[in-house]
Amino acid sequence: MADSSKPVASTAADDTCLAGDFTCAGDLVRLQVGCRNICWFTQTRRGTTELAVPWRDVIAAHRGSPSSKGKDTKDCFTVHYVHRQTDNRWRHRHKTMEGKKHTLQEWVDIIRSRIDMTDRPTRLLVIVNAIGGRGQGRHIYETKVAPLFELADIQADVIVTQRSKHIGEIGQTYDFSQVNGVIIAGGDGSFFEIINTLVPRMQMDDTDVSSHTAILSPVDIPIGILPTGTGNELCKRTYGFIDVETVALHIVQGSTVWRDLASVHEEGRLVGFAGVMVAYGYWCHFVKDADRSRWLKTLRYPVGVLASFLKKKREFDAEIEYVLNDNRAITNTQSEAPRPNRDCVQIQGRFTDVNCVLSRLNTDGNEAKALYNPGGMTLLTEIVSGNIQFMKFLLKLSTMQKDSYNQDFISMYDVTSYKVKVADTNNNGDTSGNGEDKAHLILLDGEIRCLDTLELEVKHQPNTWKLFYSPPSL
């Protein structure tokens with residue numbers, strides 16, 4: 001009698017290479033290994049169910065039960081894989097196959113050989129922000145992420161930050177030729193530190209990053225961002241939600257996409273790079289004030305919102321010149337019509353905030369979604385509004401309602417660059433209570449930077465860095 005669990009070459013017309021029969025959780029299973037995927041056909045009382053998993057989603061295979069990790073020689077082997085949920089979240093799943101003991105290692109070897117053909121990382125630098133978020137970054141990494149990396153046979157060089165600006169120091173000195181990627185366990189501020197170190201470091205000697213006309217060489221080492229910080233907008237705008245396991249599995253799979261940055265310049269100086277947003281005005285001051293209450297951890301932002309209503313917003317007169325991405329504004333509620341000047345558009349007025357995000361607002365469904373915007377940025381200007389009106393806006397924004405940005409005090413433009421010249425800074429609260437000059441502060445990805453002048457230029461920098469991410473279409 002033939003051994004039904006022994007790998008048998010298929011003669012079928014499809015791409016099935018090997019097939020065999022096993023039991024899994026008491027059910028009869030036909031396992032097929034093909035060129036494109038591994039497939040389980042399970043016979044149950046209700047009929048036969050099929051599960052096909054592409055090789056890029058297969059994490060590992062080993063002898064024994066799921067918890068043994070290959071350390072036992074029981075009459076079974078386990079295959080670990082990515083389960084893609086309908087909400088785009090990814091989860092680690094596994095199936096344990098029971099069969100003839102003398103054939104099991106052969107199956108494991110065959111599956112592993114297929115996994116080895118996929119392009120995925122084998123060694124990573126992991127930088128854990130020890131104080132980000134609720135200070136749980138290290139615990140989250142060790143309990144949720146490290147086991148997945150170990151399962152996928154990914155070696156990790158883990159560095160836990162010891163002091164402020166430690167991430168930047170690591171980025172300046174680490175030998176990245178020894179790893180396949182950099183993983184940051186932190187938030188938007190941690191990403192800001194590493195990207196503002198790597199971009200200048202990766203440039204050729206004749207590239208002046210201080211110049212807004214410089215053509216930047218891309219950072220070709222992939223970056224992954226585990227959302228363990230206070231602000232995790234980069235993760236949210238990429239994946240659509242904040243979920244550590246999903247991000248970890250994207251990293252394990254190894255697919256990457258190019259992402260853009262915004263470079264911020266003033267006269268002869270690079271202020272910095274941003275991957276999420278650049279803000280001058282209200283939102284910058286809001287984050288600055290909230291950071292004085294870091295002891296509140298993640299509560300400092302909702303508390304800061306309430307506290308902001310007790311203060312009058314700073315207003316400033318400014319001239320703005322921008323280059324439209326497609327020669328039209330997304331939304332323009334300014335009372336003064338834009339005046340075209342060659343390939344630029346100019347507006348001037350009195351504002352409370354001028355900011356840009358590297359995403360576009362998608363309102364096709366029932367809610368607003370901030371999605372990655374290839375090829376451009378969304379410029380938003382805000383004029384003064386009443387407290388009640390602004391509170392309604394924040395409530396809609398917190399739940400991403402479809403008409404969140406449909407406000408008469410907000411204008412939006414799809415742009416590739418813009419300049420801001422602040423004309424009047426001598427009134428309406430330009431200094432804080434401790435004498436700090438608010439007019440010279442700017443926000444980049446959750447980090448506050450100081451300007452030397454009151455003229456700045458923000459430029460879109462396409463395809464500047466790689467992110468560990470597999471779009472839903474892949």
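Predicted model: local features only at pLDDT ≥ 70, side-chain atom pairs only at ≥ 80, totals over all residues.
Residues are numbered from 1 along each chain as its sequence is written, and side-chain values use heavy atoms, with hydrogens and water left out.

We begin with helix H3 (residues 166-173) and helix H4 (residues 188-201), whose axes come within 8 Å and cross at roughly 25°; helices here are DSSP runs of H or I with at least four residues, numbered from the N terminus, and axes are lines fitted to C-alpha atoms over the stretch in contact, with angles from 0 to 180 degrees between N-to-C directions. Because angles under 35 degrees count as roughly parallel, H3 is roughly parallel to H4.

Helix H6 (residues 244-253) is largely enclosed by the rest of the structure, because nine of its ten residues are buried, that is, under 20% relative accessible area with a 1.4 Å probe and protein chains only. Val244, Leu249 and Gln253 are among these buried residues, and just after H6, Gly254 takes a positive phi of about 90°.

The largest nonpolar core has 77 residues, and those with the most contacts inside it are Phe149, Leu226 and Trp465; such a core is a set of buried Ala, Val, Leu, Ile, Met, Phe, Trp, Tyr and Cys residues joined through side-chain atoms within 4.5 Å. Apart from it lies another core, of 32 residues, including Phe192 and Met377.

How values were computed
Helix = DSSP H or I, 4+ residues; strand = E, 2+ residues; numbered from the N terminus. Parallel < 35°, antiparallel > 145°, perpendicular 65-115°, else oblique. Buried < 20%, exposed > 50% of the residue type's maximum accessible area, 1.4 Å probe, protein only.
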